Amino acid sequence: MLKYLVIYASETGNTKKLAEEIYKALPCSKKDKAIVDVRTWNGTMDAETYFVGFWANRGSCTLEIIDILSSINHRNIALFGTCGMGNDKSYYASLEQNASVWISDDTNFLGSYFCQGKMPEALRAKYESYRGKCDDYKLDKIMEIFDTAKSHPTREDLQRAHQFVNECCSQAKELMLAH
Ligand SMILES: Cc1cc2nc3c(=O)[nH]c(=O)nc-3n(C[C@H](O)[C@H](O)[C@H](O)COP(=O)(O)O)c2cc1C
């Protein structure tokens, strides 16, 4: 069994970047860790600690991630991901809440880390086409979010991911020593 397994879903590459950073930061040799795109996941690997990553899709994760989360038992799980919304702790908390309901009670939940991720130009253009047909003030706010998202995940976002990994790994170690 591996020590750590990073599984992620990423449509446009933001969450993949975060996943690769998390993989790099994991404190063990390559033979004890792995990283897998959910699309190629076949359920054959197992690990003491899972880092499961997703992109926010209508405020939650996608079905493939739900399947993985609900199939993990008696392990440690940490969540991570990217979303279009800005640096908003309460939004990140709602993403954690919406995904963690799928995690079994017999696992140890280590926490979550989210950051902003740039959104496709096509989505921006779609919103822009609503101008004049809806509340333009709200639309301007959405456009602002689109524009701040453009540079994310930033170097700082990735550095924070390292810190998150350190915290999760310390927790996992403590749990192991306690048993
Ligand atoms: C169809 C669709 C739905 C989305 N829904 C949300 C959402 O509910 N909340 C949010 O913050 N961002 C949302 N986003 C933005 C993505 O979560 C964000 O750009 C993320 O970083 C994409 O990650 P990826 O590059 O790993 O696919 C959505 C994007 C798309 C294309």
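Reply: **A loop and its setting**

R58 sits in the loop between β3 (47-55) and α2 (63-71). Helices here are DSSP runs of H or I with at least four residues, strands are runs of E with at least two, and both are numbered from the N terminus. Phi of R58 is near 50°, a positive value in a residue that is not glycine.

A word on the model. It is predicted, so local features need pLDDT of at least 70 and side-chain atom pairs count only at pLDDT 80 or more, while totals for chains, interfaces and linings use all residues. Residue numbers start from 1 along each chain as its sequence is written.

Another loop lies between α5 (136-149) and α6 (155-178), and P153 is found there. The peptide bond from H152 to P153 is cis, with omega near 0°.

Now step back to the whole chain. It has 6 helices and 5 strands. Along the sequence they follow the pattern β-α-β-β-α-β-α-β-α-α-α. The radius of gyration, taken over C-alpha atoms, is 17 Å, close to the 16 Å of the globule rule (2.2 Å times the number of residues to the power 0.38) for 179 residues, so the chain is as compact as a globular protein of that length. The C-alpha trace spans about 60 × 30 × 30 Å along its principal axes.

Look at the start of the pattern. Strands β1 (residues 2-8) and β2 (residues 33-37) run parallel and are joined by 5 bridges. Strands count as paired when DSSP finds at least two bridges between them. Y8 has D37 as its bridge partner in β2. The chain goes from β1 through α1 to β2, and this β-α-β crossover is right-handed. That means the path from the first strand over the helix to the second runs clockwise, with the strands pointing away from the viewer.

The domain assignment gives domain 1 (2-117 + 152-178) and domain 2 (119-151); such bounds come from an automatic or database assignment. Their C-alpha centres lie 28 Å apart. Contact means C-beta atoms, placed from the backbone, within 7 Å. In contact are 8 residues of domain 1 and 6 residues of domain 2.

Where is the ligand? Both domains give residues to the shell around the ligand, so it lies between them. The shell holds 20 residues, and the closest are S10, T15, W55, G84 and G117. α1 (14-25) and β4 (76-83) each supply at least two shell residues. The largest share, 3 residues, comes from α1. By class, the shell has 7 nonpolar, 10 polar and 3 charged residues. Ala, Val, Leu, Ile, Met, Phe, Trp, Tyr, Cys and Pro count as nonpolar, Asp, Glu, Lys and Arg as charged, and the others, Gly among them, as polar.

Note on methods. A residue is near a molecule or strand if its C-beta atom, placed from the backbone, lies within 6 Å of it. Two residues are in contact if their C-beta atoms, placed from the backbone, lie within 7 Å.
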